[in-house]
Amino acid sequence: QDSSFGFKLIFKDKAVFKVLLLWISASMLLHLGYNGVNHWMPTYIETEMGLNYKSMTYYMIASYSAMVFGKISAGIISDKFGRRFAFMFGCIATAVCLVSIVMFANPSNIIYFLALFGFLYGIPFGVYATFMSESFPTAARGTAMGTAHNMGRIGSATAPILVGAIAASESIGFGFLILGFFYLISILPIIFIREKMFDPSAKAAIEPHPVK
């Protein structure tokens with residue numbers, strides 16, 4: 001099979017191309033929030049929470065450990081309520097938690113906030129690949145997923161710079177509020193993506209999808 005077949009399908013099939021654009025937007029917004037927070041959270045804990053560098057390690061371990069359980073929970077939520085619900089719930093909850101960290105966290109409770117935050121931001125990432133894979137026909141799935149994911153990551157590379165610029169004039173906390181907004185609006189493209197359009201477990205998903 002021609003290695004360029006995936007791109008031919010994407011650009012000639014308007015429905016597939018539309019879904020690709022939606023996933024690029026969702027991926028970019030999700031990774032903007034994720035990259036920005038993870039890059040600046042240690043500095044935020046040290047400078048705005050007043051905690052020393054050594055103790056900060058424990059806080060980051062709590063956050064990353066909780067993320068594992070968030071990803072596991074994403075599968076349970078997805079099986080019960082659907083991929084789209086799990087993704088959107090995770091993004092909205094993460095945005096609310098991030099705002100709560102800025103508004104209410106202090107040195108005595110920040111570890112609990114970070115554990116909760118890690119759990120919540122693990123949810124959209126736990127269902128992200130599965131949901132995306134079922135959005136594209138088999139013939140273009142690898143090409144489309146690779147394009148959407150990596151375009152999103154490239155775009156999100158601006159997040160640390162953005163927060164740095166905001167921190168220079170305002171604060172890191174204010175930058176986190178902006179990142180919370182990105183998390184929140186990442187659900188907008190998802191609203192227009194149906195679940196299981198090309199379910200890999202279905203017979204139709206393994207049949208060739210003609211290029212129009």
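A residue counts as buried when its relative accessible area is under 20%, as exposed when that area is over 50%, and as partly exposed in between. In this predicted model, Lys-196 has a relative accessibility of 43% and is therefore classed as partly exposed. Lys-196 lies in the segment that follows α9, the helix spanning residues 187–191. The backbone at Lys-196 has a phi near 55 degrees, which is a positive value in a residue other than glycine. Most residues other than glycine have a negative phi.

The protein contains nine helices and zero strands. Its 212 residues have a radius of gyration of 19 Å, close to the 17 Å given by the globule rule, so the protein is as compact as a globular protein of that length. The C-alpha trace spans about 60 × 35 × 25 Å along the principal axes of the protein. Of the 212 residues, 48% are buried. When contacts between residues at least 6 apart in sequence are considered, 81% of them join residues that are at least 24 apart.

The protein exposes about 10500 Å² of surface, and carbon and sulfur atoms supply 67% of this area. A nonpolar patch on the surface is formed by Phe-7, Phe-11, Phe-17 and Leu-21, which together have about 390 Å² of accessible area. Two helices contribute to the nonpolar patch: α1, covering residues 5–12, and α2, covering residues 14–47, each supply at least two of its residues. Leu-21 belongs to helix α2. The relative accessible area of Leu-21 is 43%, so this residue is partly exposed.

The average pLDDT of the protein is 87, and 90% of the residues score at least 70. Over residues 203–212, pLDDT stays under 50. For this stretch the model has 19 contacts beyond four places in sequence. Where pLDDT is low, the predicted coordinates should not be read in detail.

Definitions and conventions. Residues numbered from 1 in each chain as written. Predicted model: local features only at pLDDT ≥ 70, side-chain atom pairs only at ≥ 80, totals over all residues. Heavy atoms only, no water. Patch = residues over 30% accessible without salt bridge, like charges linked within 9 Å, V, L, I, M, F, W, Y side chains within 5 Å. Areas by Shrake-Rupley, 256 points an atom, 1.4 Å probe, with all protein chains shown as cover. Salt bridge = Lys/Arg side-chain N within 4 Å of Asp/Glu carboxyl O. Helix = DSSP H or I, 4+ residues; strand = E, 2+ residues; numbered from the N terminus. Buried < 20%, exposed > 50% of the residue type's maximum accessible area, 1.4 Å probe, protein only. Rg over C-alpha atoms; globule rule 2.2 N^0.38 Å. Contact = heavy atoms within 4.5 Å. pLDDT = per-residue confidence, 0-100.
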